[in-house]
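Hi,

Here is the structure I promised to send over. Have a look at it first, and then read on.

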Amino acid sequence: MTNSFKKHLGHIGLVWIFALFILSACNPTEITSSGQRAGTSYANGQLANTAFVYRDSPYIIEGPNYGPDVDMAGSTDQSIPEFITDKPLLQSDCVFPFLSSNAVLQDCVRSYASKSASQQLLPRKADGTWIFPINSPEFYQVNTLFHVNKGISTFYNKLKFTFDNLYSNPSFVGKTKSTPAYLPQTGMFWFQAITPANENYFRNSFLSTYALCNFELNSQFSPAEPELCFGNWAKHPTFLFVQDPSVIYHELGHALIAVMMNYRNGRPGSPAPSYHALRSNLGGYGYEESGSIGEGVADYFSFVMTKRTHFAEWALSKVHASRPISESDPLHISALSETPEGRLSYPQYILYDPNDPNVPIEDVHYAGQIVSHYLVALTKSLQSNCSIPTEQLHDTSTSYVMMLLNETFSELGDLNAVGLDTMWNTAYDPNFFAYRFTNLDENASYLWSQIINPPTYRKFFQILSKNINRYITGGLCTGFTQDESEKLLDDYGLLLFKTYNNDGSSTKNKFVQYSSTGAVSTNPTPVAPTQTHENNRRKSVLVSKELLGLAEVDTVNDVATFYIIDDQANMTNILKDLLFKGFPVNLSTGVASTEYNNANIKVSPGEIVGIIPNLKNKSNSVMAGIHLLATDWDHGHITDTTTGNFKPCVYDDVTTAAQGGETAASCTNTLSSYNRNIKLGTGLYNTEAVQPVCLVQIEDGDVTRWVSQNEFRKKQGLSLQDKDCLGYGGNVVVDDFTFNPHECLVRALPGANSAYYSKIDPQKSYAETIRTGNPDHIYGPGNAILFEVNKWIPPGTKFRCRLRAKFSNCSDCFNDPTDSSKDDYIDAEYNGQKPFKIINFDFDVND
Amino acid sequence: MTKKKYFYLFSSLFILGFMIWKLRPHSSQNTTVQDAKHVDSTKLSESPMDKPKIQVKVFATGEKYENTPSQDWKAKVESHLKVLAGNDLKEIQIQTERTLVISRDNHNLLVESVVIKLTNTQNSRSSFRAMVDPQTGKILETWDRTVFDPAHVREGFRYKLDPRYTN
């Protein structure tokens with residue numbers, strides 16, 4: 001041992017002695033077996049409002065082999081206390097550092113242990129701390145508030161970054177943007193409405209968290225409450241989802257998406273702001289791409305918080321269900337890597353479950369991996385392409401991405417539909433502003449943004465990429481070029497669009513456009529949108545909608561054209577599941593019921609049936625994100641305003657003029673507003689309206705025609721009155737103003753009138769695609785469209801339901817192929833047939 | 001300053017003032033979605049524009065609506081939900097949030113915005129918001145539904161198809 005080394009040892013010893021002296025001066029406390037510090041008075045107030053927390057899950061702190069039975073003492077940092085809240089009860093404020101001042105929402109988060117009718121907020125301890133015995137219910141609810149507050153604080157810091165850039169950065173000041181400047185005035189940066197005291201816009205304007213929900217291996221976010229709930233594992237009572245902070249961040253991520261989606265749905269006003277009657281959400285019933293986007297972004301928020309590229313190592317890996325967030329993760333199959341060729345690309349990996357890669361699964365969480373992996377790859381690419389100080393790499397790059405998400409979700413969820421603010425960054429008043437630039441208009445915006453044209457991988461990534469061009473390439477990081485952006489997107493198979501759709505066209509008139517500064521003008525030759533560089537499209541394959549059709553019957557390979565669910569047990573279970581998931585379909589009274597379901601695999605009078613059209617991909621590439629609609633659309637020409645009866649427009653060679661079709665008149669244009677074909681207050685019908693999907697065949701002498709159901713019920717000797725029709729809710733005293741007589745006999749049930757299919761392999765039907773590894777023909781509930789069938793229909797009556805289909809990697813669903821600008825269809829076109837392939841579902845009603 | 005300059009100055013100020021007035025956040029409500037409170041649900045409108053057979057009622061805010069709210073609309077909704085749920089529901093809560101007038105299919109309807117909370121027999125919970133026609137008890141729209149994140153996604157509700165159907 002050299003003298004020098006001995007000298008160093010001496011110094012180290014002195015440092016230790018000094019440290020012990022300092023610690024003794026701090027009156028160190030003893031940790032009991034229960035985790036409770038003993039013999040501490042906390043009289044000096046140093047621990048006031050604080051607690052000891054677990055900073056990460058036991059998997060990260062104790063190692064992958066730890067658990068699942070757990071004592072959190074080892075995972076809890078008992079050396080450095082953390083601030084929890086200075087409130088006397090376990091709740092905290094939301095502080096949004098808005099530009100130069102703070103916008104504060106009092107008591108915006110409340111933390112509970114478990115839900116009960118008598119639940120009370122936990123009071124701070126008499127010693128002024130929140131330090132409760134480790135593993136106790138109080139311990140978990142304190143920890144939950146700590147992590148939720150941490151997530152909210154991070155989110156608001158990133159929102160501040162967004163605001164500072166949008167409203168102070170010279171590159172963006174004076175330009176249109178989606179994140180509104182008036183968020184502090186409306187309170188829409190949280191689940192809160194600024195309302196007069198006697199109003200009750202939102203029953204609860206605070207987020208409740210429940211650390212110990214009695215859910216088996218589950219966690220959830222409920223926006224209507226709003227609340228976060230974290231489940232457990234009955235087999236291992238000490239194992240809790242809330243022990244994994246990444247799960248808390250994921251669920252909070254869902255909540256923050258709900259906030260971002262609704263930024264624009266409140267407008268400042270006097271004496272109080274006004275709010276749209278509805279709120280936007282991301283995700284629907286069963287598998288669909290908007291739900292996948294939500295899961296992917298929530299996983300990404302976990303990455304923002306933990307900096308780790310794996311989600312739920314503790315809560316989900318113990319049951320083989322955790323998810324990677326990057327291709328470099330060892331859980332992935334070896335074919336995946338962070339190379340252009342090795343990316344987790346769309347649509348190849350839509351059904352990929354890294355925990356069980358040989359058995360495909362149609363599920364939003366696993367499909368959402370494509371979104372989370374892309375966002376992480378984008379973050380890393382920004383880190384390497386932008387001049388960001390090393391110590392700020394993660395924080396700044398994720399701020400860029402969160403700014404993109406703020407702008408993208410704000411645009412997607414805009415139900416007020418103006419889509420634009422004044423040059424002074426105030427909200428336009430729809431009473432005085434004539435134009436709408438997103439989601440059709442304020443009446444139909446919910447339908448458009450959630451059902452007719454909801455977020456898909458194409459729509460989401462098109463808007464996100466538009467915002468990359470505008471904010472990243474256009475100012476924050478010019479080194480990340482349009483080509484860089486498109487190549488990365490294409491590595492993921494997500495370059496699904498031909499333009500950025502940034503031409504500012506109105507939803508109802510493509511000649512009305514707004515400029516980058518928000519000036520609205522009518523342009524005889526519309527300004528063209530920015531096109532993508534086609535040479536960047538290498539993996540993203542687009543397919544014509546003309547190659548989508550119905551499968552032909554193939555008894556050898558067990559392929560049907562349609563599948564029908566008409567047994568009572570399955571249909572009852574579907575209705576129950578729909579209800580529990582928030583889709584309570586309005587069943588008709590007295591004319592249809594599951595009691596009539598006879599399981600004969602036919603459409604019979606009185607039944608409620610589920611239809612799964614077996615779509616076939618006749619191309620040599622995969623079709624993905626197929627969306628089938630049975631909603632009303634503009635496919636008829638109204639011939640009589642006293643009845644609303646109509647002739648079907650001729651769009652294909654299936655329904656012809658000889659069969660009663662109309663080729664001219666109102667069939668040559670598409671309705672710009674969504675008006676159902678129901679009786680007006682005058683007792684008359686509109687001259688133009690959207691029609692229910694199902695036509696019925698009528699015999700006029702030697703001629704058979706496809707006509708409206710209203711015409712049939714009056715002419716075929718049925719003489720069915722309104723009260724005998726499907727969907728009638730009136731009585732002898734009052735009319736039903738929502739009743740549509742043109743769906744008197746067969747109607748698609750609202751709430752179950754659209755279906756999704758993840759992908760269809762080349763030259764295969766959907767059933768054949770999904771059957772791989774699924775020999776029992778087990779299908780997801782989102783694959784079926786439900787129809788009610790009137791019990792008074794004469795047997796043998798023929799119906800034709802004109803469904804509409806589009807898909808995310810479609811080459812001709814989103815723009816007119818003859819338009820050289822490749823501009824996307826305006827929203828009003830989604831009232832008609834142009835963006836869709838018509839799928840004709842023909843059937844007879846028979847006992 | 002010449003008269004001409006005064007003219008230009010006042011003209012400019014007038015135009016600027018007009019623009020500010022046009023673009024200001026307006027205090028009036030959305031054209032189609034209006035918040036309102038019950039004041040007189042039976043008062044008939046005497047406007048000549050009103051349609052025959054339809055009794056148009058008026059709210060405090062002056063908004064007219066055509067439907068006739070039923071006193072037991074909540075019971076109608078609950079009954080409807082029970083039909084859908086069969087024996088699977090342990091508890092239904094319907095909490096009112098807002099009463100408002102909306103334009104729907106060219107009719108002005110008074111609607112109730114509610115939060116519906118369900119607990120099933122397995123103690124699973126879900127919730128959503130719904131807009132209800134208080135005349136018919138019909139649920140016109142639902143939103144803000146629970147997002148479920150189960151560990152075992154393969155165990156979720158599925159159904160088995162009967163492949164016999166060949167139309």
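Predicted model: local features only at pLDDT ≥ 70, side-chain atom pairs only at ≥ 80, totals over all residues.

Residues are numbered from 1 along each chain as its sequence is written, and chains are lettered from A and ligands numbered from 1 in the order in which they are written.

**Domains of chain A**

Chain A is assigned domain 1 (91-274 + 289-522), domain 2 (545-632 + 746-844) and domain 3 (636-743); such bounds come from an automatic or database domain assignment. Between domain 1 and domain 2 of chain A, the C-alpha centres are 31 Å apart. The two touch through 29 residues of domain 1 of chain A and 22 residues of domain 2 of chain A, where a contact means that the C-beta atoms, placed from the backbone, lie within 7 Å.

On the domain 1 side of that contact, the elements giving two or more residues are helix H10 (445-452) and helix H11 (457-476) of chain A. Helices (H or I, at least four residues) and strands (E, at least two) are DSSP runs, numbered from the N terminus. H10(A) gives the largest share of this side, 3 residues. By class, the domain 1 side has 13 nonpolar, 9 polar and 7 charged residues. For those classes, Ala, Val, Leu, Ile, Met, Phe, Trp, Tyr, Cys and Pro count as nonpolar, Asp, Glu, Lys and Arg as charged, and the others, Gly among them, as polar.

H10(A) is worth a look in the viewer. Of its 8 residues, 6 are buried, namely Ser445(A), Tyr446(A), Trp448(A), Ser449(A), Gln450(A) and Ile452(A). Buried means that 20 or more other C-beta atoms lie within 10 Å of a residue's own (exposed is 12 or fewer, partly exposed is in between; C-beta atoms are placed from the backbone). The cover over these residues includes H9 and strand S20 (623-629) of chain A, together with S7 of chain B.

H9 (residues 393-412) of chain A also meets helix H3 (residues 137-168) of chain A: their axes come within 9 Å and cross at roughly 75 degrees. Axes here are lines fitted to C-alpha atoms, for helices over the stretch in contact, with angles from 0 to 180 degrees between N-to-C directions. H3(A) and H9(A) are therefore roughly perpendicular to each other (65 to 115 degrees; under 35 is roughly parallel, over 145 roughly antiparallel, and the rest oblique). H3(A) brings Lys158(A), Leu159(A), Phe161(A), Thr162(A) and Asn165(A) to the contact, and H9(A) brings Ser399(A), Met402(A), Met403(A) and Asn406(A). That makes 4 nonpolar, 4 polar and 1 charged residues.

**Two open sheets in chain A**

One open sheet has 3 strands in the order S16-S19-S27 (chain A), paired antiparallel; strands pair if DSSP finds at least two bridges between them. Its edge strands, each pairing on one side only, are S16 (548-550) and S27 (764-765) of chain A. S19 (residues 615-617) of chain A is joined to S27(A) by 2 bridges, with Asn617(A) opposite Lys764(A).

Another open sheet has 4 strands, ordered S17-S18-S29-S25 (chain A), and is antiparallel too. S17 (562-565) and S25 (746-748) of chain A are its edges. On average, neighbouring strands in this sheet are turned by 30 degrees against each other, direction ignored. S25(A) pairs with S29 (residues 785-789) of chain A over 3 bridges, and Val746(A) faces Val789(A) there.

Chain B has 2 helices and 9 strands, running α-β-β-β-α-β-β-β-β-β-β from the N terminus. Of its 167 residues, 38% are buried.

How many residues of chain B are in contact with chain A? The count is 78, against 91 residues of chain A. S4(B) supplies the largest share of the chain B side, 7 residues. That side divides into 29 nonpolar, 27 polar and 22 charged residues. The chains also share strand pairing: S28 (residues 778-779) of chain A and S9(B) run antiparallel, joined by 2 bridges, and Ile778(A) stands opposite Lys160(B).

Cheers
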